Amino acid sequence: MTKKSGKIFLVAILLILAIGLVAAYRIWNKPHKNVEDAAAITVTATELYNSFIKDSAKANELYTNKVVQVSGEVSQVSVNQQAQQVVLLKTAVEEAFINCTVEGKKVNAKAGDKISIKGICSGYISGDIDMGLLGDVFLIRSYPF
Amino acid sequence: MKKIIILVLILCSVYVNCTAQVFFTKNGMISFFSSAPIENIKADNNQVISIINTTTGEIQFSLLINAFHFKKSLMEEHFNENYMESKKYPKATFKGKIVDLSKVNFKTDGTYPVTVAGDLTIHGITNKITSTGTISVTGGVISVSSKFRVKLSDYKIDIPKIVKDNIAKVVEVTVSCSYDKKNN
């Protein structure tokens, strides 16, 4: 190997290393999915809830871990322990809701309002029949739409 | 006479049912913390369903694994896909009882240290656990807090050797829930 080709070789190695490091750093710091601007599956609160009650396997496949845009009537707006807004959308079943935790932008709504909210559906948690508590379908990282 | 006894028994059971006090939340918080040489990892879940029956001392928690939120998106991805296999095992649950229920007066404001024992299911594996916690009653509002440790190998959560210095073998779980009264 001549002195010149040796130098080129060294530069090439350093370049590859640098690219590798930058790539690794970018993967490591990959941002969270942008929910606000993501394409969403549109569904009503009642439809979404019923699909989990009827066939949870199918509903999981359709909605879980996906961005959904749910329309419905607000039952309650509250705040959780980490000061995030929680919006409950009514379903056809009393005391069972689409439970949306809001990220960032506040939802400007009150009980009775008809709204659309976009978020990642994390699935359904059943309540407890013996103690008479019904489950909810959950939306995390939600945004008003 | 027999009929009267049966009637009394029925009335008693109805009475017990009516006075059973159930408190619940659907937005409780459970977070975990992993402390390891290379990095500390924390994730929060604010979508915890929990129910307490203050008459019997039954207490339950359930959450969806994929609702844990991490600071780094990559960690969240690895947590769900590689370690917890959240598609296969979407939920974690605890079903148990407050062992020393008599120490708690749900009608009087105060802070009551309690012991809870029951079944903890994570990653499809159920183990019996006992943990201490606190029940607080403030102006009639019940809240629960607890801190306990979960050994990953007890729940067959495998951490690849290559990242063994990034993730603790035992993680600390923090529970913090505030309850509403369930109207019967």
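Guide: Start with a term. A residue is buried if 20 or more other C-beta atoms lie within 10 Å of its own, exposed if 12 or fewer, and partly exposed in between, with C-beta atoms placed from the backbone. By that count, 32% of the 145 residues of chain A are buried.

This is a predicted model, where local features need pLDDT of at least 70, side-chain atom pairs count only at pLDDT 80 or more, and totals for chains, interfaces and linings use all residues. Residues are numbered from 1 along each chain as its sequence is written, while chains are lettered from A and ligands numbered from 1 in the order in which they are written.

Now the layout. Chain A holds 3 helices and 6 strands. These are DSSP runs numbered from the N terminus: helices are H or I, at least four residues, and strands are E, at least two. Along the sequence the order is α-β-α-α-β-β-β-β-β.

Next, the overall form. The C-alpha trace of chain A spans about 80 × 35 × 30 Å along its principal axes. Its radius of gyration is 23 Å, whereas a compact globule of 145 residues would be near 15 Å. That radius is taken over C-alpha atoms, and the globule rule is 2.2 Å times the number of residues to the power 0.38.

Then the partner. In all, 25 residues of chain A are in contact with 23 residues of chain B. Contact means C-beta atoms, placed from the backbone, within 7 Å. On the chain B side, β2(B) gives the most, with 6 residues.

How values were computed
Contact = placed C-beta atoms within 7 Å.
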